[in-house]
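Me: I would like to learn how to read a structure such as this one. Please take me through it feature by feature.

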Amino acid sequence: MYLHLRCGTTAPKLVAAHREALNAFAEHAMTQAVDALEKVLLTADVVNACSLAKKAYSVYHDNPMSVIEQRVLGVLSAHVGAAMAQKNIEHPY
């Protein structure tokens with residue numbers, strides 16, 4: 001019982017001790033994800049469509065790039081959230 005209770009007090013210390021390594025690993029994983037997304041998303045068709053959208057949005061919006069960014073981020077966020085939820089269902093640990 002004593003050892004079990006001690007695990008609860010050492011866990012925060014363990015996480016703190018490995019914070020730098022865990023952050024470095026997370027940054028590496030995110031760099032790989034962003035590189036993969038860039039290769040998939042930034043096709044000539046997507047760039048052309050965004051260019052046309054920027055011209056069209058500029059008629060009614062002060063910052064058309066903000067409109068495009070918010071739209072892309074909203075869709076991407078929804079897809080990432082759904083994919084992560086599905087992964088957690090299939091592989092909970």
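**Reading contacts and burial**

Reply: Start with a residue and its partners: I68 touches C50, A53, K54 and Y57, once residues up to four places away in sequence are not counted. Keep in mind that this is a predicted model.

Me: Which helix holds I68?

Reply: I68 is part of helix 4. Its C-alpha atom is separated by 7.3 Å from that of C50, although I68 and C50 are 18 residues apart along the chain.

Me: How should I read burial: is I68 buried or exposed?

Reply: Compare the relative accessible area with the cut-off, since buried means under 20%. I68 has 8% relative accessibility, so I68 counts as buried.

Me: What about P64, buried or exposed?

Reply: P64 is also found in helix 4. Its relative accessible area is 11%, and because the cut-off for buried is under 20%, P64 is buried. Leaving aside neighbours within four places in sequence, P64 is in contact with K54, Y57 and S58.

Me: How do I read a pair of helices: at what angle do helix 3 and helix 4 cross?

Reply: Look at the approach of the axes and at the angle. The axes of helix 3 (residues 44-57) and helix 4 come within 8 Å and cross at roughly 130°. Angles over 145 degrees count as roughly antiparallel and 65 to 115 as roughly perpendicular, so helix 3 is oblique to helix 4. The crossing of the two helices is right-handed.

Me: Which residues make the contact?

Reply: Helix 3 contributes C50, A53, K54 and Y57, while helix 4 contributes P64, M65, V67, I68 and R71. By class, the residues of this contact divide into 7 nonpolar, no polar and 2 charged.

Me: Now the whole chain: how many helices and strands does the protein have?

Reply: The protein has 4 helices and 0 strands. Along the sequence, the pattern reads α-α-α-α.

Me: Why is the protein described as more spread out than a compact globule?

Reply: The radius of gyration is compared with what the globule rule gives. For 93 residues the rule gives 12 Å, and the protein has 21 Å, well over that value, so the protein is more spread out than a compact globule. Its C-alpha atoms fill a box of roughly 70 × 30 × 25 Å along the principal axes.

Me: What share of the protein is buried?

Reply: Buried residues make up 2% of the 93 residues.

Notes. Residues numbered from 1 in each chain as written. Predicted model: local features only at pLDDT ≥ 70, side-chain atom pairs only at ≥ 80, totals over all residues. Heavy atoms only, no water. Axes fitted to C-alpha atoms, helices over the stretch in contact; angles between N-to-C directions. Parallel < 35°, antiparallel > 145°, perpendicular 65-115°, else oblique. Left-handed = near helix turned anticlockwise from the far one by under 90°. Contact = heavy atoms within 4.5 Å. Nonpolar A, V, L, I, M, F, W, Y, C, P; charged D, E, K, R; others polar. Rg over C-alpha atoms; globule rule 2.2 N^0.38 Å. Buried < 20%, exposed > 50% of the residue type's maximum accessible area, 1.4 Å probe, protein only.
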